[in-house]
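Work through the exercises below with the sequence and the model open. Each task is followed by its solution.

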Amino acid sequence: MFKSHNSDGSEPGKRPFRPGLAEAVGADAGASQWERVRQRLREEYGEEKFSSWFVRMELEALASDLVQLSVPTRFLKSWIQENYLPRITELWAEESGVTRRVDLAVRSAVNRTIPLKASEPREAVSERTVEPRAAVAAPAPAAVPAGGAASLAARDVASGSPLDPRLTFETFVVGKSNSLAHAAARQVADAASGASPVFNPLYLHAAVGLGKTHLLQAVAWAGAQNGRRTTYLTAERFMYGFVAALKAHSAIAFKDTLRTIDTLVIDDLQFLKGNNLQQEFCHTLNALLDGGRQVMVAADCPPGELEHLDERVRSRLAGGLVVELGPLEEDLRHQILKARYQTLAEQHRGFTVPAAVLEFLARSVGQSGRDLDGALNKLLAFNQLTGEPVTLEMAESAVKDLVRPSDPKRVRIDDILRIVAKHYNVSRADLLSQRRTANVVKPRQIAMYLAKVLTLRSLPEIGRRFGGRDHTTVLHAVRKIDGLVATDRALADEIEMLKRLVLEG
């Protein structure tokens with residue numbers, strides 16, 4: 001086994017399975033089942049949500065009636081238990097054929113029967129508001145009052161989401177497609193304490209893996225250096241914190257905490273759902289902006305396309321500076337590859353990638369920084385597991401599944417909706433509605449299928465754009481059309497024609 005860490009915060013290598021309970025199932029079987037469960041979580045929830053919630057979840061042990069999983073923080077444990085544990089339990093049953101109870105623990109509280117090797121570096125995670133503070137003695141457990149757990153959770157969330165120490169301005173590679181976003185983020189980060197914001201709010205949007213989160217976390221890391229109280233929150237953590245505060249009857253304190261900071265950084269705003277939560281976010285946003293405090297937001301689309309958000313929120317977000325991070329140009333991909341190869345080479349002695357191979361990867365692989373990381377990790381795996389040196393011929397074989405035939409046009413879901421609606425003589429509103437008549441259902445499923453194969457959007461993202469549907473609805477549509485295309489030549493030709501219209505239009 002080997003470990004590799006991707007500099008954009010995507011999934012690190014996996015640790016060996018560690019059986020540690022009585023009647024433990026074989027390690028190979030347990031690891032294989034766990035890998036299949038992880039893959040299904042990634043497929044169902046999308047890459048960004050997988051990276052946020054599941055990438056640091058590990059299998060500790062597997063017994064005949066129990067699955068023991070662990071995560072590094074209390075917040076992750078609480079959020080996964082409340083939102084995802086039933087689905088994880090179902091996936092385990094489906095993949096193993098045996099119904100087991102799934103137990104989730106915080107890593108430090110798990111008794112490990114096999115200690116980690118010194119050669120396996122642990123991912124460092126910082127979880128806090130980025131500001132200097134005096135050390136505070138932890139209260140004794142007996143002093144926590146009734147409902148104290150919820151209060152602690154609310155305060156924990158208000159202090160900020162976990163930060164990846166690798167995501168700083170020093171490790172961000174600048175190119176034509178992201179230079180404006182980088183310059184704007186840098187200006188926010190370098191502002192002196194008490195200075196009036198120039199761009200407020202600063203709104204960044206891009207497809208998956210193009211650097212939004214990297215810039216947001218870089219701003220959070222840099223905030224303390226200029227004496228600014230900066231809090232970085234994902235939208236889901238904002239939702240969790242607000243709900244936890246309501247349960248603990250500490251909502252006012254939670255609101256006051258967010259409204260008295262200097263810089264609020266919100267990531268993945270497309271995940272913010274619920275009328276009450278949106279209303280609270282709107283009030284917080286207005287309070288910060290009106291008070292001259294900086295707000296920085298990132299999402300997967302422009303403010304106007306966040307159709308599930310209240311019009312007032314979209315209007316306020318659009319009133320600042322809106323910047324898109326474009327697809328990575330070849331020169332930028334090459335620079336990113338060189339930087340990340342250097343990091344891997346420092347971690348793994350003897351791992352050498354010729355310049356010609358890096359040029360091939362930059363030219364042939366990569367819709368995002370994560371694609372480039374995946375290509376380098378494949379070369380590292382081949383090199384260390386087979387002992388074969390990295391050559392151009394080996395690289396062409398190793399990453400053939402990642403090679404793109406050509407730079408695709410960036411397709412908008414709005415274009416797909418327009419073309420499909422026109423072709424099937426239905427309205428765009430019909431496709432987004434809850435109507436289930438045959439003349440609407442089939443075009444809607446075809447449009448979802450085209451959105452999956454022609455865009456970089458995840459299943460949850462596509463579901464939100466199709467009238468706020470669940471990702472499982474999109475997955476069902478994609479699988480159904482995939483099956484029909486394999487057996488119905490006329491439909492296959494029709495979909496190919498629609499693809500051409502979308503790509504040419």
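**Aromatic contacts**

Y45, F50, F54 and Y84 make up one aromatic cluster. The model is predicted, with local features needing pLDDT of at least 70 and side-chain atom pairs counting only at pLDDT 80 or more, while totals for chains, interfaces and linings use all residues. Residues are numbered from 1 along each chain as its sequence is written, and side-chain values use heavy atoms, leaving out hydrogens and water.

**Exercise 1.** Describe the pair formed by F54 and Y84.

Step 1. Rings of Phe, Tyr and Trp (its six-membered ring) pair if their centres lie within 6.5 Å; planes under 30 degrees apart are stacked, over 60 edge-to-face, the rest tilted. A search of the whole structure finds 7 aromatic pairs.
Step 2. For F54 and Y84 the centres are 5.0 Å apart and the planes 70 degrees, an edge-to-face pair.
Step 3. F54 is in the loop between α2 (47-53) and β1 (58-62) and Y84 in the loop between α3 (74-83) and α4 (85-96), so the pair ties together parts 30 residues apart in sequence. Helices (H or I, at least four residues) and strands (E, at least two) are DSSP runs, numbered from the N terminus.
Step 4. Both F54 and Y84 are buried (under 20% relative accessible area; exposed is over 50%, partly exposed in between; 1.4 Å probe, protein chains only).

**Exercise 2.** Locate V208 and state whether V208 is buried or exposed.

Step 1. V208 lies in the loop between β6 (202-205) and α7 (212-223).
Step 2. Its relative accessibility is 14%, so V208 counts as buried.
Step 3. The C-alpha atoms of V208 and P327 are separated by 10.0 Å, although the two residues are 119 residues apart along the chain.
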